[in-house]
Amino acid sequence: MEPLTLDPFWTRLGLLLGATCTLAMFSFLWRENAVYRFFEHIFVGLGMGYTVAITWTNVLKPHWWDKRVWMGSSEEILPFWGLLGIVGLLWYFQLSKKRVWLSRIPIGILMGSGAGLIFRRIYGLFFTRDGQVTQSFLPLWVSTDPGRAIQEWKLALGVLGLGLVAFYSHLHLRRYRRGTDIPAGIEIRLLSGIFLALMGAAFLMPRGLIIAYDNFLIVLTLVCVLCYFLFWEGGRTRLASSAANLGKWLLMISFGATFGSTVMARLSLLINRAQYLLEQCLHLK
Amino acid sequence: MRRWIITFFTFVAGLFYILEFVLPSKTSTGRALHAAKPYVGEAIMVIGAFAVGLGVIGVCRHHLRKVMLRQKGWYNSVALLASMFAMATFKIWEKYDPPELARRLHDLLFLDMYNQLTVTVFSLLAFYVASAAYRAFRVRTVEAGLMMITAIVVMLGQIPLGDRFAKFLQLPWTFTEARLWVMSVINMAGQRVILLGAYVGSLAFGIRVLLGLNKDTLLEKNP
Amino acid sequence: MTDPPIQVLLLFFILSGSLLVFIFLARRGVPVKLRRIAGLESIDEAVGRATELGRPVLFTTGLEPLNSVTTLAAIAALSRVCRVCAKYETRLIVPLAEADVYTLVKDACQQIYAEEGKPELYREEDIHFLSTMQFSYASGTAGIMQREQVGAAFFFGAFAAESLILSEAGNQIGAIQVAATTSSYQIPFFVASCDYTLIGEELFAASAYLTRDPAQLGSLVGQDLAKFAILLLVGVGSALATLASVLGPEAYWLQAVLSGLLGGSPS
Amino acid sequence: MRRNQHRWIYLAMGLSVTVPFLFRLTFPMPISEPVQKTFHQVELLAEENRQSKRKKVALLVADWEPATMAEINPQVTALLHHFMSRDIPFAILGFRPTGPGLAQELAEKAAQDWNKEYGTAWSNWGYKTQMDTTIQSMLSDFYTVIREDIEGTPIQNVPVMARFKGMEDIGLVAEFTGSSGLLQPWVEFVHAELRTPIVHGCTGVMESPVYPLLDSGQIQGFMGGLSGAAQYEQLVEKPGKGAEGMAAQSLAHLLVIGLILAANVKEGVSWLRRKLWSR
């Protein structure tokens, strides 16, 4: 297929339509209105048509229709082809009131295949050589290595974080203890003591033996956030629920980071729109 | 009986993938399963694809009724149906070397309308991000405060002014550095656990689906 | 495709085994108590508020097709919302992005209305199949929310960039919104713009919690155990890695153990 | 006011991205290390080409799609200007269907500034599938994989490729993409085998996984997002879409941060007022 030549009429018509569509969609920011509604319906229609078209051209045609072999080479494909068509058509019993249960067969096949695939997906994502769990086996202690020496600010931030943790555990445990009759202050002092010792140790430790803070924080985050996702009431010890609370904080930090870093990508899209409207459509350059 | 048939199909479809995963590829069965995997995948894709027709029927019914009865906004339904058929026709036709006019119309529908609409709706997010930020990041709780501080640090790390600001404040780090650190340490670990939890949940759900133990997957309650 | 090593298979065996054991225990009648999931009670509350205002309820199950487990969990939650809606006689609108989900949901809703004894309230035209194309679906759903002035909106399932489009559309009309998704990159946006957000796996817990199905409750305990096992694994792995890092490269046997623990350690 | 609050926010957002275009605002950028390294790598190639008779070709791998055009296009444009100003011949190849077309368009636009033409300045090898196997076959036998350019001319007959023998004549791989996993094969196969320097361009979101590769020296430089493009434009002294876009980015980012702060100030004031009122 040779490429289409540039034709001012079609180009202009295209730009006009494109600009109209863009503005109509932007009008939603003001309020839902008749113009938006019209273009929204067109958009849904176009999307639907596109779905139908690519389902045919990308799935059904190459993977099913083109594989039918009316004559010649491979005989074993033909019954397979027909069978698939029959199973596929079972969907349409949805339209009959009596035999609607037949349409559950393709549903069952889809659900079953999804369930069965879970095993390999988990393996591939978490337990392979560069899987997420395997990658979490991090040394919490790195021997002298100037390349990986940690920066002071990270240390400061980490100490600050630990201080926050200590403070929070303090508050949390006090609140928690009210319901029980454990003698006051024991575990609070213990925990605060441990954290203070850790904080002091971080400063006093020789440079090469400093806990690799990044690794430590990664593992800490992993453990605490995992604790947040424990649901069984019976398994919630005091430690677990304390860790879960910290986990929620760490999750929130993680969410803030995701939010902030996505802003840029979203803005780029809007900037692209501004360029389209101002430069291509209005020729302001 | 019907329930058994459905559970059987569900189970077999899942069992195939489980066996394919578990059996070593050196054994003959394992090899056969490996070899069959692309075909099974293809077949399942095809079966899923057939459902699109039902969707089309549903949409046509809904909107045709609107048009027939001249309900409020019927012209929108006309636009929807027309654009649907136009798009489907031209998109499929495009693969079969159509005349120039058809290709022009395809480009008009696809490049000038569909693509622009997509990008525009996508870019609405820029506005929404701003108003969501205004509403959500109020320091009422510690959680919201942490979220806000991280978001601001990360955002400052993305623009050139941020690092100047850091220099101006005489901070020991640049915001770019801080952003990368937050992203690759805490954010990474947090996302990792969400992923892990979701997949473990999927595993449990999958096992229940395969054994037909779910009360509410709606598979069993047949009239 | 590489074969999974034997220790990974063993791990899977343990995980699935613990799941199965707890599922069967729970089905036998061993009671299971769950921790409170913030935002879950909000489902009834949200539907109730929409009813008070006389506005419809909207529920959508995200972008993924039927063979995604997230979508299935979302459908389980939908059946609960549908039941509550039927009870309160509130209109339920379900815009969908996948044809196979559409067929199942249509069927399920009809059945639930019938079970609640109000088959006449089921309206087929309120279950919309919009488009599998992400932004067609998003703009369609946003339009429906504005036109119908929904009082409560539920976004359960797998979402992509359209998450914020949906939830902001709801915000503009002041709908009470509950979201639950496992798509980790979209959670922040839901947290920022919805009244309640179920984070990640809480979606699965929610579906167990709402249906009170012993099999689901039991499997939640099994999941907890599985996660705990993985936590232990990470602990052991980290400890070994730390030891290896302290002992240096001479301790090659330790490296071997570490790389034998799963598919292999990061180099 | 309260009900229409979101409209004011939307308006401010709209203005903050359009104003920099209308008034051509630009913000000077500090050059970050990865971008500087990218620039340096291209300069190295230019120097090498100047000294030897056989000119090495830079390979532009175009793996981006219209959806990420906004961020990648300015990066590629800046890099192409750099190639053309230093007379570095280059080739375009893509593993995403839309990539080579988009790259070709950009190259033609850039070529107008430097009086270059397709064929003598660059060649386009078009779109290929099956990334891993294709790259491996290119390494073992280049001409069985790449036979013709997009115009159907046999590769040997494209003037710029006349002395090209195989992958060892590629002096630099510049990979541009908005998706994950497309850079790794180049590192794993091409860099590992031939030590070919690799530079990379990606969207802002994809940036953080790339840093480890730069640290370990598996890639020689990269630019991320619009800010990377703006910095590169500054290095080649050809301000364009990147610089403009970055001004809009900065303004809009500041707006979002400002909004967050404003919301908190408002919250604080009302809290204070409640406190005072209750006394």
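Chain D is divided into domain 1 (1-26 + 243-255) and domain 2 (29-238), with bounds taken from an automatic or database domain assignment. The model is predicted, so local features need pLDDT of at least 70 and side-chain atom pairs count only at pLDDT 80 or more, while totals for chains, interfaces and linings use all residues. Residues are numbered from 1 along each chain as its sequence is written, chains are lettered from A in the order in which they are written, and side-chain values use heavy atoms, with hydrogens and water left out.

The C-alpha centres of the two domains of chain D lie 33 Å apart. Their contact (heavy atoms within 4.5 Å) takes four residues from domain 1 and five residues from domain 2. About 340 Å² is buried between these domains, 76% of it from carbon and sulfur atoms; buried area is the accessible area (1.4 Å probe) that two parts lose on being put together, summed over both.

Turning to chains B and C, the contact takes 50 residues from chain B and 62 residues from chain C. Together they bury about 4800 Å², with 70% on carbon and sulfur atoms. Three salt bridges are counted between chain B and chain C, where a salt bridge is a side-chain nitrogen of Lys or Arg within 4 Å of a carboxyl oxygen of Asp or Glu. One salt bridge joins the side chains of Arg65(B) and Glu125(C), at 3.5 Å from N to O.
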